[in-house]
Amino acid sequence: MMPPPEPKVRISNLMRVLGTEAVQDPTKVEAHVRAQMAKRQKAHEEANAARKLTVEQRKAKKVKKLKEDISQGVHIAVYRVRNLGNPAKKFKIEANAGQLYLTGVVVLHKDVNVVVVEGGPKAQKKFKRLMLHRIKWDEQTSNTKGDDDEESDEESVKKTNKCSLVWEGTAKERSFGEMKFKQCPTENMAREHFKKHGTEHYWDLALSESVLEPTD
């Protein structure tokens, strides 16, 4: 049979656990208690170290958490932004899509700038918050005319920059790869780019919304 474990003695309960032994030689007993406490602390730290993940394991765990299971369907969101001439706002879209493992495309055309993102529901929820709340679209941009220099100053002033959610849904698989920006000077070029990926209806929805939208 294995011997029973030593009583768990601390300085605070020394008298209660050891009784008369503690009274007879308190210095010796205190040293023994402190040694026992140090031994327990060391065992605790070693156990924690054994459970601790390596840098690679932590990275893999984070990636696994962000890379959602999309075997049951890919969640898709389509946004329209009036003005995407600000490099900082473009960077936020691209960087966040990458961090959330979202694929998609940003098609730049006058005041019909279409942002399509594909991925899991949790990532979409975070990206939606970015697009509709965190990015302040109406802040002064570095290029108030947007990506089309032919638009007049008067037209730019009349239109307040904003982002709207055009459509949300699911598909069996992704249509795009890593997030890319595509400049399309004409409507036909923009629609053709989506058509290459079998998603021209995204462009049609965004364009029809812009036509029906009242002028601010």
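Which residues are exposed on the other side of α6? Lys122, Lys125 and Arg129 are the exposed residues there, where exposed denotes a relative accessible area over 50%, buried one under 20% and partly exposed one in between, computed with a 1.4 Å probe and with protein chains only. The structure is a predicted model, in which local features need pLDDT of at least 70 and side-chain atom pairs count only at pLDDT 80 or more, whereas totals for chains, interfaces and linings use all residues. Residues are numbered from 1 along each chain as its sequence is written, and side-chain values use heavy atoms, with hydrogens and water left out.

The chain contains 9 helices and 5 strands, these being DSSP runs numbered from the N terminus, with H or I over at least four residues for helices and E over at least two for strands. Read from the N terminus, the elements follow the order α-α-α-α-β-α-β-β-α-α-β-β-α-α. Among contacts between residues at least 6 apart in sequence, 75% join residues at least 24 apart, a contact being defined by heavy atoms within 4.5 Å.

The 5 strands form an open sheet of mixed pairing in the order β4-β1-β3-β2-β5, two strands being taken as paired if DSSP finds at least two bridges between them. Because β4 and β5 (180-183) stand at the edges with a single partner strand each, one side of each is left without a neighbour in the sheet. From one strand to the next, the twist averages 15°, with axes fitted as lines to C-alpha atoms, for helices over the stretch in contact, and angles between N-to-C directions running from 0 to 180 degrees. Strands β1 and β4 run antiparallel and are joined by 8 bridges, and Val81 stands opposite Cys163 in β4. Helix α6 packs on the sheet, where it touches β1, β3 and β4, and its direction makes about 10° with that of β1.

Helix α6 (residues 121-134) has 14 residues and spans 18 Å from its first C-alpha to its last, close to the 20 Å expected at 1.5 Å a residue, the expected span being 1.5 Å times one less than the number of residues. Its buried residues are Ala123, Gln124, Phe127, Leu130 and Met131. Seen down the axis of α6, these buried residues fall within an arc of 120°, so they line one face of the helix; the arc is that of the directions from the helix axis to the C-beta atoms. The cover over the buried residues of α6 includes β1 (74-81), α5 (87-99), β3 (113-119) and β4 (163-171). Ala123, with a relative accessible area of 4%, touches Glu68, Leu100 and Leu102 when residues up to four places away in sequence are not counted. Ala123 and Leu100 are 23 residues apart in sequence and 5.6 Å apart in space, C-alpha to C-alpha.

Positive phi values in residues other than glycine occur at Tyr101, near 55°, and at Lys110, near 45°. Tyr101 is found in the loop between α5 and β2 (103-108) and is partly exposed, with a relative accessible area of 31%. Lys110 lies in the loop between β2 and β3 and is likewise partly exposed, at 41%.
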